[in-house]
Structures are given as structure tokens and as C-alpha cells.
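Please open the structure in your viewer and keep the selection panel at hand. The tour below moves from one selection to the next and says what is to be found at each.

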Amino acid sequence: MSTYLPFILFTVLTNAAAQIMLKYGMTQIGDFSTLHSNLIIKLLQVVFTPFVFLGLCTFVISMASHLYVLSKVELSYAYPFLSLAYVVVAVYAFFIFHEDLNAMRVFGIALICVGTVFIAQGGSNQDRADTDAKVQQVALKETSK
């Protein structure tokens, strides 16, 4: 398992939290129509709604975490984990916003989880290189005794 998995999961959870905050903030705003208003003023009103603003700030934290992860592991390993944000959002949306969580969505969530487990088990070349380097270090220490 990746030594960077906690950072990857932090990215997933902050991404999901941002989505939930944005949704909650937008429900406080109500109908978002710009047909008969100044677009810039309306956009500023939306951005500075407390939960929307907090959601956007959380996205910045999530992206910073994701950038850190991308500097450490392969994109093809890290990126698929972001699909777990959908799982978290779907469950929270069911409980908080009373959104539908029907059998097809549950099945899709299960497929996402299974796919992510397969990806995690595959690891990354960087993980294997780190493990190989640690094994070589231990072997060198043992032979130098």
C-alpha cells in the first residue's frame, strides 16, 4: 500500500467536503438566474455566500494536497482515487440533502470501490522503487556488519 495513501484520502475527503459545502451554500442562495441581473454582481454574491466561500477554500486545500500527491506518485495511481469522492458525496447527499440513492447508484458505488481497491493493490512504480531502495539499504547494512 502506498505510503502516500493518507494524503490521497485527505484529497478525496476534502474534495467531497467542498462539494457538499458548495451544494449547501447554493441551496441557501436558491434559484441562480443571471438573466435579469448584472452577472459580475451576482457571481460575487454567490462566491461570498459563507458556505460557497468555505467550499471554494476547501477546494484550494484539496488541490494543494492533490498537487503534493502528484509530485510523489504516478498520476495513473493517484487520480482514480478521486472517484471515491463520488462515493462520499453520494452517501452524504442521501443523509443531508435527502437525495435518491437507488439500487443502480449503489451498484455503481460498489463498482467504484472495487475498482479503486484493484488500483490500490497494483501500487505504483514509485512505491516499488521506494521499497526496492529500502531493501537494498537494509541489505547493505547487513553486509557491512
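Predicted model: local features only at pLDDT ≥ 70, side-chain atom pairs only at ≥ 80, totals over all residues.

Begin by selecting residues 5-29, which form helix α1, together with residues 50-72, which form helix α3. Two packed helices are described by the angle between their axes and the distance between the axes. Here the angle is about 165° and the axes lie 8 Å apart, and since angles over 145 degrees count as roughly antiparallel, α1 and α3 are therefore roughly antiparallel to each other.

Next, select I8, V12, V69, V73, Y77, F81 and L84, the residues with the most contacts inside the largest nonpolar core, which has 16 residues. The elements that contribute two or more residues to this core are α1, α4 (75-78), α5 (84-96) and α6 (103-122). Centre on V12 and, leaving aside its neighbours within four places in sequence, you will find it in contact with F81, L82, L84 and A85.

Finally, move to V46, which lies in helix α2 (residues 39-47). Is V46 buried or exposed? Its relative accessible area is 8%, which is under the 20% cut-off, so V46 is buried. Not counting residues up to four places away in sequence, V46 touches M26, I29, F32 and V52.

Technical notes: Residues numbered from 1 in each chain as written. Heavy atoms only, no water. Helix = DSSP H or I, 4+ residues; strand = E, 2+ residues; numbered from the N terminus. Buried < 20%, exposed > 50% of the residue type's maximum accessible area, 1.4 Å probe, protein only. Contact = heavy atoms within 4.5 Å. Axes fitted to C-alpha atoms, helices over the stretch in contact; angles between N-to-C directions. Parallel < 35°, antiparallel > 145°, perpendicular 65-115°, else oblique. Core = buried A, V, L, I, M, F, W, Y, C linked by side-chain atoms within 4.5 Å.
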